[in-house]
Amino acid sequence: MSTVVYAPREVRRARYAVAAVFAVHGAVTGSFATRVPWIQDHAGVSAGQLGLALAFPALGASVAMPLAGSISHRFGARTALRGLLALWTLALVLPSLAPNLLTLCLALFVYGATAGMSDVAMNALGVEIENRLDKSIMSGLHGMWSAGALIGSAAGTLAAHLGSDARLHHVLAAGVLTVAGLVACAWVLDLQPAEDEDPPPRFALPPRSALLIGAVGFCAVFAEGASLDWSAVYLRDELGTSAGLAAACTTGFTLTMALARFAGDKVVDRFGAVRTVRVSGVLAALGGLFIVLGGRPAVAMAGFALMGLGIAVVVPLCFAAAGRAGSNPSLAIAGVATITYTSGLVAPSAIGGLAELTSLVVSFGLVTVLTCCLVLFAKVLRAGDRDRAKISPPSAAVPDRQP
């Protein structure tokens, strides 16, 4: 992208605009997740068929994410984000319209493709704004995504409780979120490619730097997916708790993740990305030991809370590091996003398969080992520790320009 000098006020305003975009993106996910049972009944699919269909969002995202860089290069960052985010919010309607397994798989493929492309575009803009502000904001942006997901899921829970048709619910939600997204995108930075900048390839393998950074993100997302999908089952089946207490464990995990993301930027600014991830890995590994060795509900719940606290900031820092690791930030971010999406796809089934062969205790032993990898390989995120003198653009006073 071209080096354009923006007034500090414009950059701060763009930060809040991108934060709103992250919240809108998360709200779509929350709105969809709460109506999956309705969608299953409407499409007439079994639990196994639903599991197959739910693999298609990750497949669509993995295929489409490399296209985000080309789209941003052709249309500019603001226009690309505006269009991709609108496609994502409108795609919310598609799964609830599907009458059978085939159409549901196709709908979820499109749903995932638009999710992935808009994800890459908004993270690339977030990294750019972080560079211009010269302080960490990526953790807070991902915290806004979590907040949006909670709002979307709360609205979806209310709609499900009232027995509303998911098609009507999702049409209304898509309309509101599309308008909110378009308004927010009006204030993001309007970055354009330099005249001599070659367009990125439509499809390309991620650079080596993205593979290494993505491996760190893989470990964190694996732990996140395992904890979200299996923490309640672990407490109920392994420790004999009530369903209510088991559900509270998952809620506690989600809450500590969200709180840690909102607080994470100040920690990163003070200690740097590498040290933050190393300490995060220690906390997550300690949580894993509590889960595996505690043997009591209170200890396991504390372990899952520590797990959420430990892994919360890792993925935002992976995106930030990827955006600084090479000459093509969008391609590197797409590579990291593809790896983390894959991790989120395989984690629940891998945990279940290993538990079937052994036990859930052994499964979370594997999760604990992966969190130890965060400590060992945190140094690959060194690109996230900004060299302020080299990256910060000049802050000379320039007239404010309306977007």
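Predicted model: local features only at pLDDT ≥ 70, side-chain atom pairs only at ≥ 80, totals over all residues.
At what angle do helix α1 and helix α9 pack, and how far apart are their axes?

View 1. Residues are numbered from 1 along each chain as its sequence is written, and side-chain values use heavy atoms, with hydrogens and water left out. Helix α1 (residues 8–33) and helix α9 (residues 138–161) pack at an angle of about 40°, their axes lying 6 Å apart. Helices are DSSP runs (H or I, at least four residues) numbered from the N terminus; axes are lines fitted to C-alpha atoms over the stretch in contact, and angles run from 0 to 180 degrees between N-to-C directions. α1 is therefore oblique to α9 (angles under 35 degrees count as roughly parallel, over 145 as roughly antiparallel, 65 to 115 as roughly perpendicular and the rest as oblique).

**View 2. A kink in helix α11.** Helix α11 (residues 208–239) has a kink of about 55° centred on Trp230; the bend at a residue is the angle between axes fitted to the seven residues ending there and the seven starting there. Gly240 follows α11 and has a positive phi, near 70°.

**View 3. The aromatic pair of Tyr234 and Phe304.** The count of aromatic pairs comes to 6, where rings of Phe, Tyr and Trp (its six-membered ring) pair if their centres lie within 6.5 Å, and planes under 30 degrees apart count as stacked, over 60 as edge-to-face and the rest as tilted. The ring centres of Tyr234 and Phe304 are 6.1 Å apart and their planes stand at 75°, so this pair is edge-to-face. The pair links distant parts of the chain, with Tyr234 in helix α11 and Phe304 in helix α14 (residues 297–311), 70 residues apart.

Terms used: Helix = DSSP H or I, 4+ residues; strand = E, 2+ residues; numbered from the N terminus.
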